[in-house]
Amino acid sequence: MADQETRLRTGRCLAFVVVISVCYGFNLDPRFSVTKKGPADGYFGYSVTEHQIVDEGDGSVKENLLLVGAPRQKVTVATKTVGGAIYKCDAQSTREDDCIQLTTEPFNIPPADFEVMEDGWLGIALHSYGKGGQVVTCAHRYIQENAGLGICYTLLQTLDYSEKWIPCMGKSHTNYLEDFGLCQAGLSAKVGPHESMVMGAPGSIFWRGVVFQANISDELGAVSGPFNSPIPVNPSEEGADTMQLPPTDKYSYLGYSVEIGSFDGSGNLYFVSGAPRAYETGEVVFFRKLPRNQVLHYEPQQKLKGQKDFAGFGSTLLAVDLNNDKFDDLIVGAPYFYEKGRGGAIYIYYGSKNMIDSNTDSKVILSRKMSDADCEKLGCEHARFGMSLAKLGDVNNDGFQDFAVGAPYEGRGTVYIYHGSKDGVSDMYAQRITADDMPDGDQFKSFGYSLSGGLDLDANGYPDLLVGSYESGAVSLLRTRAIIRLKAEIKVIPNMIDLAADALCQVDSELRRCVELEICLTFTADPKESFTSRPIIQYAVEAERTRSFARLEMVKSQDASKKVVEGSMELFRQGTGRIQCVKQLAYLKDVFADKLNPMELSVKFYQNEAAFSRPNPGEPLPDINRYPILSTEGTAAGAEANTVSTYVDFVKECGADNKCYSNLQFEVKLDAKNEGGRYVLRDGEYSRVDISFTVTNLGEAAYLTMVYIKKPPKLDYQGVGGKGQDGVDVKCLPQEGDDTLIYCNDIGNPLKQGSSVTFTLKLNNRIQSSEQLMNITTWVNTSSTEQTPENDKQVFPFMVIREADLVLSVNVRPDDQILCSGDPRGASAMKTERDIGPAVNHSFIVTNRGPSDVLRSVLVIEWPHEVSDGKFLLYLMQAPIVEKGDATCYVAETDTVNPLGIASSVPVTVDRFEPLEPGPSRGKRQAQSEARVKRAQGGLEVLGCKQNTARCRRITCRLGNLQGGLGYVKITLRARLWESTLLQDYKKAGDVQISSYGYLQIDPDLRMQQDTSNDRIEAVTYAVPDFKESGAGAVEWWWILLAVLGGILLLVLIIFCLYKIGFFKRKRPEEMQMYQAEKKHNKMLDDTEEDGV
């Protein structure tokens, strides 16, 4: 092992020092809290302030007190009722019921006859300047001379009576709203530096509001005031300012909150006041006292305006130096801020050499973002985050001031802790304390409505926080645990591993690569007198804590993954300068993928806490310094508390700086049709989608090269084909827990310069048609530094469409004119359907030419049931007949099919329906037409549904699945032409066109594209009303007899004439033969004579 250690030390060594401080500030611990209870119906805890009474000789603390206001408590003073009381509670007592009401002067003086204090709300404002400082408390509903003037009392640091303040008494207060009749001075009040005090009177002058400032020094000759902010009064009135207009308009509530601070390099003390209703958004105004001026001065630009209407901007104020630049920073509460999932906000304005003004940018911190379930449970949108603000002092002992924010209606109440730093305040709170975190937490309500902090009331060296819960009549002092700050020095040997070099560490008769980790610790803790022993610190070393499978194995690890090894260290006492160290060894695994990124070794420190149980009432307060916490300052941002890390890197096939600069070229092809810049997948054509990838590296080695595919969930991964750089099959896998992501590896690790890899990814398409444009996003990634990232990502927008061409055609029988004759007859004469008139069949045929199936569609048929006056036209004899295909038809009106119940001539079923009566052949029909002579030569009369010239009934047929290229449905409607209607009303018409109308509708939920040019059609039957034959009526028998006798007589006359002309005296056959022979002989003689000539 000695040789092994020698070989390790010959490698390069990395060492660093980390100072750890409080992570997330978890040193305000509810377990150690001190709780005090008072009368809940008196609003005990509505206001709170921490206070310390000191020895005026040596300045030592004599009493640590919690001062609590109960403004609704009814108190009897010399037979008179006073509204409100002030309590003082021993901060170091473990009893809950030992708070004492202040009954000394001025609280034991009964109201005069001209004063009304029964509902005065004494304790509405309560503030102590801190250790040895004066205290102010107010009753803003104090009445004198029928005016709500308000009153404040200042107390010495011993809580003895100092002075009474009624700042509105010297003002006109007889006109009620118009002046100071509803002044309500003391709704807010603060004591500040240089024995200054500020009071708010928001009800003054139509609720415009006024701020009063006073000097509460008891020095002889000090000008006490009070001095008011500018008011719109008669210039001759005392306190009027003829130089400045009031800073706010009516109903602004200026004085609702007040604060004192020094915010710029001038050294001036500013008196700040909030006007939360000014111009709906709220405002904050800075005032200062000018020499020899009775009115507080403000600069118009030194007004801050809220950013959201009705958010209550300016309801609370706090001045505190958060970044140690010697200038106070101003925190403004807006507890009524509202947006989805948020309820309250604070705005931080940082002071500087230049004064804060309207152009100063603010840091905005909104109430905690939480899940919808938590938001509903806790009422997050009504949390009132920012309802209370308080200085904390330096609770995490880092040298910067911290503060607390109350959200009293988040659940049963919540308090947030924020830490100051050289950069100001982080958006993320350092600690969150809820009512449920408190012992007996279910007894608290409106926890955090009032806050006070900054004093060390349990004498452990750290400031504590006082929290009021007035709805439960309780206050709680949250004590701060001490901090042990660790100084850790971490060394790792070697700090870089060459995978091409030989392994040097002997492990079970084989050589392996290894690293050695050395941990060295010292500590400091305050107060030093509380930490004189040697603390025992536990530690856990973890290899690559952010990876499921580490590349390192810890020697002596007890867990199966061999990632973690634990141990303990007993540190030397602070101040000795001695360092405690320990070593741990780790081996490098033989097979792993990532050879570029360094390997992390993290060390987490912790302590085994001593057991704690809350003391019984009356027992001594436990020493909280027996339960310190470890600090975490210097831990990387986002790292786990009390955790530090170091890294072991690899020697890479790259430049001299050991950094790899790759240049990947990424080519991707999607096997689909590109139509106008987007790819189209048609349902039925592309059930599989192939994507081809080619990755080429033109730069230095690209370690851990991987390809990612982001796709819709219903494009399912089917497989991959192709080999990586080293002849290994490329592997692609869906990301676990994410059905939209696929990653492909084994492309090359590293993918060397000049290398190229091609592979094809196969996806199965389950996406139904949609008009939504979707994307397939592909990108290549490497752990090397990529020089051309703009080439490493490609996006393929695509749509999946379902296309079908439904064709609607018709077949009409008979297809020739129907000839109507005879006399009209009434409905009562119709006994059978043959009495109605000729049979008419309209067949509607639906064909799907594809390519996609149509799962759901509707054929709507408008049937010409009647003419406009209600007479029947095409009388439907039976319900629609589905001859072919899958369809179900519904008739909208029940009296559409055979409403008169006329008997059918032939039984009819779905499989067999009555054929039309046999008609003449086409030639015969033509002959008949030519033989007929029309009686009337009128025009064409159209009785159709499409033309709205007939009363039509709707028939709806829901069609089943029509397969692409195969789907076929035929629906026939069998009817009779109501012949009497045409003979009666349309005798003058030349022809009558009777038409039904059909159209197709595809279920819109299928989101199909279709050709609509052939999905509407008319089925037309032509009829000829009243007509004549060329013969006019029947022939009498005697006319026939006369015609026969006339014919016989004519025949006799013809025979007689023939006889007279010798027609019957013809030659006999033998005479004819002699004649022919003689004729032939004469011809021969003639020929001989011609030859002789």
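Select Leu1045 to start; this residue sits in helix H7, which runs over residues 1037-1060. The model is predicted. Is Leu1045 buried, partly exposed or exposed? Leu1045 counts as partly exposed, because its relative accessibility is 47% and that class lies between under 20% for buried and over 50% for exposed.

Next, select the whole of H7. The helix has 24 residues. From its first C-alpha to its last it reaches 36 Å, close to the 34 Å expected at 1.5 Å a residue. Step past the end of the helix to Gly1062, which follows H7 and has a positive phi, near 80°.

Now select residues 1037-1059. The UniProt record, an unreviewed entry, annotates this stretch as "transmembrane region".

Then show the side chains of Trp1037, Trp1038, Trp1039, Ile1040, Leu1041, Leu1042, Val1044, Leu1045, Ile1048 and Val1052. What do they form on the surface? They make up a nonpolar patch, with about 1,100 Å² of accessible area together.

Finally, zoom out to the protein chain. It contains eight helices and 71 strands. Of its 1093 residues, 50% are buried. Colour the surface by element: the chain exposes about 52,300 Å², and carbon and sulfur atoms supply 49% of that area. Among contacts with a separation of 6 or more, 70% are between residues 24 or more positions apart.

Notes: Residues are numbered from 1 along each chain as its sequence is written. Side-chain values use heavy atoms; hydrogens and water are left out. Patches are made of residues with over 30% relative accessible area and no salt bridge: like charges are joined within 9 Å, nonpolar side chains (Val, Leu, Ile, Met, Phe, Trp, Tyr) within 5 Å. Accessible areas come from the Shrake-Rupley method with a 1.4 Å probe; for residues, only the protein chains shown count as cover. A salt bridge is a side-chain nitrogen of Lys or Arg within 4 Å of a carboxyl oxygen of Asp or Glu. Helices (H or I, at least four residues) and strands (E, at least two) are DSSP runs, numbered from the N terminus. Buried means under 20% relative accessible area, exposed over 50%, partly exposed in between (1.4 Å probe, protein chains only). UniProt positions are given in the numbering used here, feature names are shortened, and annotations may be inferred rather than shown by experiment. Contact means heavy atoms within 4.5 Å. The expected span of a helix is 1.5 Å times one less than its number of residues.
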